[in-house]
Amino acid sequence: MTPTQRTLAELRKRVNHVAIVEKWNSHCRIRQDLFGFADLISFDRQNVWLWQGTAGAVAARVAKIKELDVAKNWSVSPHRQLFVVGWRKLKPRGTKVARWHPRIVQLWWHSDGQMWIEHEYQSFSEVF
């Protein structure tokens, strides 16, 4: 299961409207994300969320997104949110089975301070 599929499964448990917005470009043989950074989109009556899934390189994805003007323009609105979800397998103490756990970083552009603000979550229940 890919990081996008893992994130999609978690979002479908919590949000009614979610869709994959990355596509495979067969001519270039690459995956293309929406706006260069989003794999998934979800929304409710008030908010729209863009999601980037990764296998663990969260810091690299966050750094890439921070360089994009379109990401700044997206996240300046309080009703549009941006998340990076990194997946890693962890084995909690006292257990024998490793399970997939997310590391979720929310990004938004603070236009008054001209800087990015980050907030980290350890589960989807903290986000919703």
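A residue counts as exposed when its relative accessible area is over 50%, and as buried when that area is under 20%. Keep those cut-offs in mind for this tour of a predicted model.

**The whole chain**

Let's start with the big picture. The protein chain has 4 helices and 8 strands, and reading along the sequence gives the pattern α-β-β-β-β-β-α-α-β-β-β-α. Its radius of gyration is 15 Å, close to the 14 Å that the globule rule gives for 128 residues, so the chain is as compact as a globular protein of that length. Taken along the principal axes, the C-alpha atoms fill a box of roughly 45 × 40 × 30 Å. Of the 128 residues, 37% count as buried. Among contacts with a separation of 6 or more, 45% come from residues 24 or more positions apart.

Helix α1 covers residues 3-14, which makes 12 residues. From first C-alpha to last it reaches 17 Å, close to the 16 Å expected at 1.5 Å a residue.

Ser42 lies in strand β4, and Gln52 has its place in strand β5. Ser42 is buried because its relative accessible area is 0%, under the 20% cut-off. Gln52 also counts as buried, at 2% relative accessibility.

Ser42 is joined to the side chain of Trp51 by a polar contact of 2.9 Å, while the side chain of Gln52 makes one with the side chain of Asp39 at 3.0 Å.

Setting aside neighbours within four places in sequence, Ser42 is in contact with residues including Val15, His17, Val18 and Trp49. Ser42 and Ile20 are 22 residues apart in sequence, and their C-alpha atoms are 9.0 Å apart in space. Gln52, with residues up to four places away left out, touches among others Phe37, Arg61, Ile65 and Phe83.

**Aromatic rings and charges**

The structure holds 8 aromatic pairs. Which residues form one aromatic cluster? Trp49, Trp51, Phe83, Trp87, Phe124 and Phe128 do. Trp51 is also the polar partner of Ser42, and Phe83 is among the residues that Gln52 touches.

| Charged end | Ring below it | Distance to ring centre |
|---|---|---|
| Lys72 | Trp109 | 4.5 Å |
| Arg80 | Trp74 | 5.3 Å |

Most residues other than glycine have a negative phi. Arg29 is not a glycine, yet it has a positive phi of about 60°. Gln114, also not a glycine, has a positive phi of about 55°.

Where are they found? Arg29 is in the loop between β2 (23-25) and β3 (30-32), and Gln114 lies in the loop between β7 and β8 (115-121). Are these residues buried or exposed? Arg29 counts as exposed, at 66% relative accessibility. Gln114 is exposed as well, because its relative accessible area is 55%, over the 50% cut-off.

Note on methods. Residues are numbered from 1 along each chain as its sequence is written. This is a predicted model: local features need pLDDT of at least 70, side-chain atom pairs count only at pLDDT 80 or more; totals for chains, interfaces and linings use all residues. Side-chain values use heavy atoms; hydrogens and water are left out. Rings of Phe, Tyr and Trp (its six-membered ring) pair if their centres lie within 6.5 Å; planes under 30 degrees apart count as stacked, over 60 as edge-to-face and the rest as tilted. A charge sits over a ring if NZ of Lys or CZ of Arg is within 6 Å of the ring centre and within 35 degrees of the ring normal. Helices (H or I, at least four residues) and strands (E, at least two) are DSSP runs, numbered from the N terminus. The expected span of a helix is 1.5 Å times one less than its number of residues. Buried means under 20% relative accessible area, exposed over 50%, partly exposed in between (1.4 Å probe, protein chains only). A polar contact is a pair of N or O atoms within 3.5 Å; within protein, one must be able to donate a hydrogen and the other to accept it, and residues adjacent in sequence count only if both atoms are side-chain atoms. Contact means heavy atoms within 4.5 Å. The radius of gyration is taken over C-alpha atoms; the globule rule is 2.2 Å times the number of residues to the power 0.38.
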